[in-house]
Amino acid sequence: MRSWVERLIPYKWWAIVGLTLGMLTIAANLGLTSTAAYLIAKAAQHPSTILLLWVPIVGVRAFGTARGVLRYGDRYFSHDVTFRLLKDLRVRLYQALEPLPPDIFRRYPSGDLLARFGADIETLQNAYLGLLSPLLIAIGGIALASGMGWMLSSAIGGVLLVSLSAAGLWLPWHMARVTQGAGRQLVIGRAQLTARWVDWIYGLADILTLDQDASAVRWHEAFQAHWRTLSRRINRLKGWIAACNEGLQHGIAWLVLWVAVRLATSHHLPGLDVVVAVFLALASFEAIRPLAGAFSMRAEIAEATARVEHLVQSTVLDEPAAIWRPDPRPPRIEVAQLWFRYTSQEPWVFQGANLTLLPGEPTVLLGESGSGKSSLIALLVRFYRPQSGQLLYDGHPWPHIADFDLLRNVGVVNQHPHLFATTLRQNLLLARPGASEEDLWSALDGVQLADGVHKLPQGLDTVIGDHGSTLSGGQQKRLALARVWLKDAPVWLLDEPTEGLDIPLARVVMAAVLRHAAGKTLLWVSHDHSYRGLVDRVMELADGCFVDPHHQGTGG
Amino acid sequence: MRHLASAVAALGLTTGVLIVLEAGLIAQIVARVYLGQGSDSALTARLIALWGVVMLRALVAGVAETLSLNLSTTVQSVIRQRLLTHVLEAGPLAWNHEHAGDLINTVITGVDHLEMFLARYLPQIALTAFVPLVIGIQVASTDWISAGLLLITLPLIPVFMTLIGRRAKTVTDRRFAHLGRLGAHFLDVVQGLETLKLFGQSQRQAKAIADAAETFRTSTMASLRLAFMSGMVLELLASLSMAMIAVAVGIRLLGGHIAFERAVFLLILVPDFYAPWRALGAKFHDGLNGLSASRTIYTWLDRPSLARGQGHRRLSGRGPWPLTLCDVGFTYPEYPAPALQGVHFSLPARRVLAIIGPSGSGKSTLLALLLGFSDPTRGEITVDSVPLAQLDRQWWRTQVAFIGQSPYLFFGTIADNLRMANPDADADRIAWALEKAHLDDTLKRFPHGLNTVIGENGVRLSGGERQRLALARAFLQARPFVVMDEPSAHLDSRTEQALLEGIGQLKQQSTVVLVTHRLASARVADRVLVLVNGAVAELGSPDHLTHPFYRQARAFAEREGTGEGGGSDALLG
């Protein structure tokens, strides 16, 4: 809750306007009902002139109109503040995620992150709209109603103050405590369900052919059964709250009526005031009506807040300050005595490995599947850090270079490059935001995609689907290659760039890439021999070390 | 449904009657006290009766709330289950081009919105239909002038509601679509965060997300403004009419034309006449949200499954059976150009067919048709002379093992991922499958071996390891048909050799269809099908193919094949 108040500060004036309007709405409602009651009661006394009724008549109309307009303003401002807060929170969530290193970041399944970003933040709209704002308005409303009651009789004011406070504050709070567990579990369950759905949709083909559909349905049924039990528990509580709300609203009026009747029969209160008191009591409940429902959401809000704040507050380990900026010349990259493994639970990937990459001397890296070729690239772009040994960029150790400067100088095709669910153009512009039409086409031409794109009715503006799913595997890889072509960085790191291509095409594409990247520092991870005749320098990764296969081949 | 309707009607009527009773009792008490007529005992009796009515109102409200929420819980649960069943039935081809984030938003947030609609909006409609009716009758029998004033304002309500409602519908639909897009965008960005970082674009995405969130906020406020507007119109109408009635009653009281008790009674009742309308106005937004969500849910549910055949036949024996494709063509619903056309071949049992062809020529689509994820839009696929569409699709899937281009690994241990293929497999069987897939050595490197947890989509395994895990699953499944989409992708030549031995073994009991770019994989096939632009360019045994792509690859392999056995892994189309 504290974080919510802090986030409100930039919008404090909006919030103050909203709260003021909210309290004025309550005041108008109290005014309308009690003035109307006063009007009737006064009229029943048959005053000598109708002019005596003029003020209450005008009052009834004024309060009536004001109530509608004020409520509109109250809702408008309070919702506006809330949705601004939610927008800020979404951006903050992303900004908190963005700098996390992948090994921490990937601990959260993407479905879980989506649940935080989507449903959890949606739940949080109830934190201000349902909880904070009604609470403040209720406190003002209770004071106002009790004050008006006090003017009639101190006993009526006291009854209103005590009963409204008990009904509005203590009871909902107590009720909320009862279902706290269930509310939290609902939020956690929703995140689990989201993560499962992400799994189901992306793994659909495998689910079906592995006959996991029945087990998915079974899991879902069990989950739904659990969810229904939890929901019903909360539904029962909400039923109690609704019953108490309704009962208290009329119970308070009954109590005030009872006190007023006692006072009137003992002539401590004029009959006119009895009428006004009853109507005041009936109207006063409006101030605390939203509270009960709000408190029943408290556990869900608390859990959603915790889940979102957990990410927003997560901090990255302090990096040593960068002390060197690489220039745009292709560098000499050295890997020296590199030891690396992902976690202490996993085997060593590199065990004292040494490698040198030189400008203008493209290097092909071979190695068995799982030998660590992709890990080398992950280390070079600093997604992971080695346990010991050094990576040197023109002789400067990796930690001396800022992330941003390092990545600006490196172009990478991953083993599974991510294509975004947008147009071809946007996917390409990612690599060079200011690229001209000509640049885009020459990159596409270089990877032999230009003809295919020309044939598309919407050309570069064709949307390529989730993960680029409308493209074939080979087209996806080539599009990723075109991005690196456009980026044209001093260092090129290509992880199986020709996967999914036929040999004549693979050789044409790579010949063009090598021509384009002439003089750059280039590493080409390959599983096949299509590099033959294109690249002379070949290294092999085996048992955590780099070896020259020719030396080794002749030696043994 | 009839139960629901009568329950809803009972709720509305009971509430209406209780409101009238309460107003009558309060009016009597207040009038007696005010006019100083009441005896203590009569007042006490009425106060006790009033207490009873208050308790009954509480009871009705509580029961109605619980029941409507429970109803909504049941409906939400059923809808989520139907969505899952539908997604599974429609198969991957139907969802390929969709944003998963959008679909998930519908399943989670959309179905959540239904609660608001079912448990808040619908009961309110019931109250709005019946409570004003009961009160109106009561007011009319008490004082026809007040009833007349109510009647004047009443028709204005539906007029305003429709005017605002029509516009609000489009605005709310737009809001829901924006929410879906926001979620889809976020999911896409999160899944591609590494790629964004590599291009130095990850920080700029904060701006894109801010823009999408801002669009969502604007459309939310647009739909809310309309909802508040309708609320304000109702409030104003209610206030206006209450003020008119109060004044009309007051003036007649002044002249002694109406009894004080009646006047109080009317004044208590009139706000209750409008209260349901006002509440409806306040819940209007929830109602629209729920309706938008339900429209989206039904668009997903109504999406036709691409596999239309609803056959029930099962083939006898254990297979494999001969497979025939007769003039098969396929066109995706969204794209006019056919992905496949006139594909015609037959494959006897226990043979290996390799499908080769340039990138994007329809190879994966052909495999999807064989897997039964979709029916061909032209021609027919037959298994043992029975059209695939007539087969029990569920059964057919249990006859096929599939290794995709990027096999999906489920969250859990390696052993979990293997047991999916065959829950009864014992340790020996699993060890055998691991050996066949050449994964046993790799597993030895992991301290936890089979119990190593692999994360979302198996991020800790290398591409080749994932491929081999999928292969091990296929060995465990031991199905009559095995379909592989580039099984040797990400494999080095030594591992590929092992895979090819594995295919040789699979062939003894299964028919194997594989898409490949590797010459070596094509060479182990009995037949090779060259697919170009969705059509069969050539079909024959690997030694007699004449298609230029194949010949170029072979020539390259022969030229370069003098090295350390490297000739076998040349690439082809």
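This is a predicted model: local features need pLDDT of at least 70, side-chain atom pairs count only at pLDDT 80 or more; totals for chains, interfaces and linings use all residues.
How do the residues of the lining of the second largest cavity divide into nonpolar, polar and charged? We will come to that cavity in a moment; first, a word on what you are looking at.

The contact draws 162 residues from chain B and 158 residues from chain A. The size of an interface is often given as the accessible area lost when the parts come together. Here the two chains bury about 14,700 Å² between them, with 66% of that area on carbon and sulfur atoms.

Polar links also cross this interface. Between chain B and chain A there are 32 residue pairs in polar contact, counting pairs with both residues at pLDDT 80 or more. On the chain B side, helix H8 (residues 204-254) supplies the largest share of the residues touching chain A, namely 29 residues. The whole side of chain B that touches chain A divides into 81 nonpolar, 46 polar and 35 charged residues.

Salt bridges span the two chains as well: the interface has 10 of them. One to look for joins Arg71(A) to Glu235(B), where the closest N and O atoms are 2.8 Å apart.

Over all chains, the structure holds 40 salt bridges. Among them is a pair within chain A, Arg190(A) and Asp120(A), whose closest N and O atoms are 2.9 Å apart. Arg190(A) sits in helix H7 (residues 180-202) of chain A and Asp120(A) in helix H5 of chain A, so this pair ties together parts that are 70 residues apart in sequence.

Now for the empty spaces. Rolling a probe the size of a water molecule over the atoms shows where empty space is left. In the whole structure, 12 cavities of 30 Å³ or more turn up.

Methods. Residues are numbered from 1 along each chain as its sequence is written. Chains are lettered from A and ligands numbered from 1 in the order in which they are written. Side-chain values use heavy atoms; hydrogens and water are left out. Contact means heavy atoms within 4.5 Å. Buried area is the accessible area (1.4 Å probe) that two parts lose on being put together, summed over both. A salt bridge is a side-chain nitrogen of Lys or Arg within 4 Å of a carboxyl oxygen of Asp or Glu. A polar contact is a pair of N or O atoms within 3.5 Å; within protein, one must be able to donate a hydrogen and the other to accept it, and residues adjacent in sequence count only if both atoms are side-chain atoms. Helices (H or I, at least four residues) and strands (E, at least two) are DSSP runs, numbered from the N terminus. Ala, Val, Leu, Ile, Met, Phe, Trp, Tyr, Cys and Pro count as nonpolar, Asp, Glu, Lys and Arg as charged, and the others, Gly among them, as polar. On a 1 Å grid over the protein atoms alone, a cavity is a set of points where a 1.4 Å probe fits but cannot get out, and a pocket is an open set with protein on both sides within 12 Å along at least five of seven lines; lining residues have an atom within 4 Å of a point. Grid points are joined across faces, edges and corners, and a volume is the space filled by probe spheres set on the points.
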